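Visitor: I would like a close look at one part of this protein chain, with the rest brought in as its setting. Please give the cut-offs as you go.

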Amino acid sequence: MRLSAETNHLLREMASLHGPSFYVLWDERLSSNFRRLNSAFRSEYPRTKIAYSYKTNYLPALCKALHKAGALAEVVSDMEWQMARLYGVPPSMVVYNG
């Protein structure tokens, strides 16, 4: 995939500030994609609930954005449970798996 000169420049600036490894999160797009996914499942299976696995990536901004969009938190450890609670996820929206 070729990046535009503007995008390439922006990424280089971000790398100079944050180092060579960093995440770029577009929470509006993430929320929109989540809502579309959720809607697609619910159109066929109305009782569907989608949970995001904290084990996959528990960055606060990512987890908070998904929770705000309506995702449940799926946790497998006490540490992840505590993180979900810290991020404002009520116990009724946490799936403890394991």
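Guide: A residue is called buried when its relative accessible area is under 20%, exposed over 50%, and partly exposed in between, with a 1.4 Å probe and protein chains only. Helices (H or I, at least four residues) and strands (E, at least two) are DSSP runs, numbered from the N terminus. The model is predicted: local features need pLDDT of at least 70, side-chain atom pairs count only at pLDDT 80 or more, and totals for chains, interfaces and linings use all residues. Residues are numbered from 1 along each chain as its sequence is written, and side-chain values use heavy atoms, leaving out hydrogens and water.

The part is helix 3, residues 60–69. Its buried residues are Leu-62, Cys-63, Ala-65, Leu-66, His-67 and Ala-69. Their cover includes helix 2 (27–44) and strand 1 (51–53), where contact means heavy atoms within 4.5 Å. Just after helix 3 comes Gly-70, with a positive phi of about 120°.

Now the setting. The protein chain has 4 helices and 3 strands, in the order α-α-β-α-β-α-β from the N terminus. Its radius of gyration, taken over C-alpha atoms, is 16 Å, well over the 13 Å given for 98 residues by the globule rule (2.2 Å times the number of residues to the power 0.38), so the protein chain is more spread out than a compact globule. The C-alpha trace spans about 45 × 35 × 20 Å along its principal axes. Of the 98 residues in the protein chain, 28% are buried. Among contacts with a separation of 6 or more, 30% join residues 24 or more positions apart.
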